[in-house]
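Look through the sequence and the structure first, then read the notes below.

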Amino acid sequence: DSVQIVSTEQFKDKFGLKAVQSGNWVLKDKESIEFHVQRAAEAFVDMADVTGISPELLGFGGRLGLSFGARGKGGALAHYEPVQRVINITKMKGGGSLGHEYFHALDNIIRDLMRQKNDGESGYFATERPDSLPDGVIKQAFQALQKALLVAPQAMTKIQLDTRMRSELQGMRLGKVLSAEMKMANIRTPIDVIDVLISSHVYTGVHKNQPLSRHGTLAVLAGMREAGMITGDETEVEVPMLWEVSQFKQKAVLLDDGKPGKYWSQPLEMAARAYSAYLQDRLAEQGRVNDYLAYSTQGGNSRVGEVAYPQGEERKAINAAFDRVFQAIKAEQVFEKAVQNESLMDDLFGVGQLAETWIDEEEGCYACL
């Protein structure tokens, strides 16, 4: 649907935003503020179409803040602030980043919305720790999304546990944190154990395809033991023979100079970039383009960011995982239930935060146009 925005008040109301903040540099430039507000409105409408979330709910009941050129950090094109719940788009280079930053906001707050409770953990992101979401279809969807982003383990093989290996296994402990995750996860097969090991950063070889090392095999066996799948006294156990780490993950680690989790290969950053690709693909299927919402996810021109998006069959699988996430959110009416709980919204987003910095609507951003 077409949308025409004539004031920041209209923009806020249409998408349920808390406020629109603009830096002085933007406010002094009539064309800039007109461009950003109009393009952002169109992007929100398109994102609502793709995700099935009603446009007026995208701002979390008037709580999410949107800033243009007012809160820039270093050389970033855009960023999301989990404490203040604000998305900032830079004046000159932020176009194309809105979808990416919006998913950070959703990823950050989905658990609190589901629980109807503020747990005070501003650094939580569901794509990093989906097992801590409440049980149900949304948790399962985020688990499937994380798996699609990171790894697809393959062939199984039977290994013989000699006396030495059984002795090493008995002395191996993966720690209380992993034990807790094992209890929360739906462990049914060695593949499930590997997923937990990866998400717990226990197994360190996830950045390249390789057979399981002896240490990796022991880690998987220890995980299986803690999950109650084996006793550790067996003489033969079936374990995954080969890791097939996603190409998306491998390329991200290469962008991180071979240091997994540095930036590009952080699951939350991979998820946000994949979300941009998802938005671009789903719009393209309808013959639509919105390069303020998401752009350049297909690669090319040797730009570092463009090689960091999923491609090929992996991209299709990740897109399907995002479909599942939003179908679950819609089915559970997460947004609708949350925004009806005003005390929850006040607790999550704060009341009157950033009051001194938000543009006064009586003056209005467009008073400067």
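The accessible surface of the chain comes to about 16,600 Å², and carbon and sulfur atoms hold 48% of that area; such areas come from the Shrake-Rupley method with a 1.4 Å probe, and for residues only the protein chains shown count as cover. The model is predicted, so local features need pLDDT of at least 70 and side-chain atom pairs count only at pLDDT 80 or more, while totals for chains, interfaces and linings use all residues. Residues are numbered from 1 along each chain as its sequence is written, and side-chain values use heavy atoms, with hydrogens and water left out.

**The chain as a whole**

- The chain contains 14 helices and eight strands, where helices (H or I, at least four residues) and strands (E, at least two) are DSSP runs numbered from the N terminus.
- Of its 369 residues, 52% count as buried; buried means under 20% relative accessible area, exposed means over 50%, and partly exposed lies in between (1.4 Å probe, protein chains only).
- Among contacts in the chain with a separation of 6 or more, 69% come from residues 24 or more positions apart, a contact being heavy atoms within 4.5 Å.

- Helix α1 covers residues 8–15 and helix α3 covers residues 30–51; their axes come within 11 Å and cross at roughly 15 degrees.
- Axes here are lines fitted to C-alpha atoms, for helices over the stretch in contact, and angles run from 0 to 180 degrees between N-to-C directions.
- The two helices α1 and α3 are therefore roughly parallel to each other; angles under 35 degrees count as roughly parallel, over 145 as roughly antiparallel, 65 to 115 as roughly perpendicular and the rest as oblique.
- The crossing of α1 past α3 is left-handed, a term used if the near helix is turned anticlockwise from the far one by less than a right angle, with right-handed used if clockwise.
- On the α1 side the contact involves Phe11, Lys14 and Phe15, and on the α3 side Val37, Ala40, Ala41, Phe44 and Val45.
- By type, the residues of this α1 and α3 contact are seven nonpolar, no polar and one charged; Ala, Val, Leu, Ile, Met, Phe, Trp, Tyr, Cys and Pro count as nonpolar, Asp, Glu, Lys and Arg as charged, and the others, Gly among them, as polar.
- Valine 3 lies in the segment before α1 and is buried, with a relative accessible area of 13%.
- Leaving aside neighbours within four places in sequence, valine 3 is in contact with Lys14, Gln38, Ala41, Glu42 and Val45.
- Valine 3 and glutamine 38 are 35 residues apart along the chain, and their C-alpha atoms are separated by 8.1 Å.

**Helix α11 and its partners**

- Helix α11 (residues 267–284) packs with α3 at an angle of about 85 degrees, with the axes 10 Å apart.
- That makes α3 roughly perpendicular to α11.
- Asp46, Met47, Val50 and Thr51 in α3 meet Tyr275, Tyr278, Leu279, Arg282 and Leu283 in α11, and these contact residues divide into six nonpolar, one polar and two charged.
- Between α10 and α11 the angle is about 120 degrees, and the axes are 11 Å apart.
- That makes α10 oblique to α11, and their crossing is right-handed.
- Phe248, Lys249 and Ala252 in α10 meet Met270, Arg273 and Ala274 in α11; four of the residues in this contact are nonpolar, none polar and two charged.
- Histidine 100, in helix α4 (residues 98–115), is buried at a relative accessible area of 11%.
- Not counting residues up to four places away in sequence, histidine 100 touches Glu269, Ala272, Arg273 and Ser276.

**Residues in loops**

- Aspartate 233 sits in the loop between α9 (214–226) and β7 (236–240) and is exposed, with a relative accessible area of 54%.
- Aspartate 233 touches Arg166 and Gln170, residues up to four places away in sequence not being counted.
- The C-alpha atoms of aspartate 233 and leucine 161 are separated by 8.3 Å, although the two residues are 72 apart along the chain.
- Glutamine 116 belongs to the loop between α4 and α5 (137–150) and counts as partly exposed, at 33% relative accessibility.
- Phi of glutamine 116 is near 60 degrees, a positive value in a residue other than glycine.
- Aspartate 257 is in the loop between α10 (247–255) and α11 and is exposed, with a relative accessible area of 60%.
- Phi of aspartate 257 is near 55 degrees, a positive value in a residue other than glycine.
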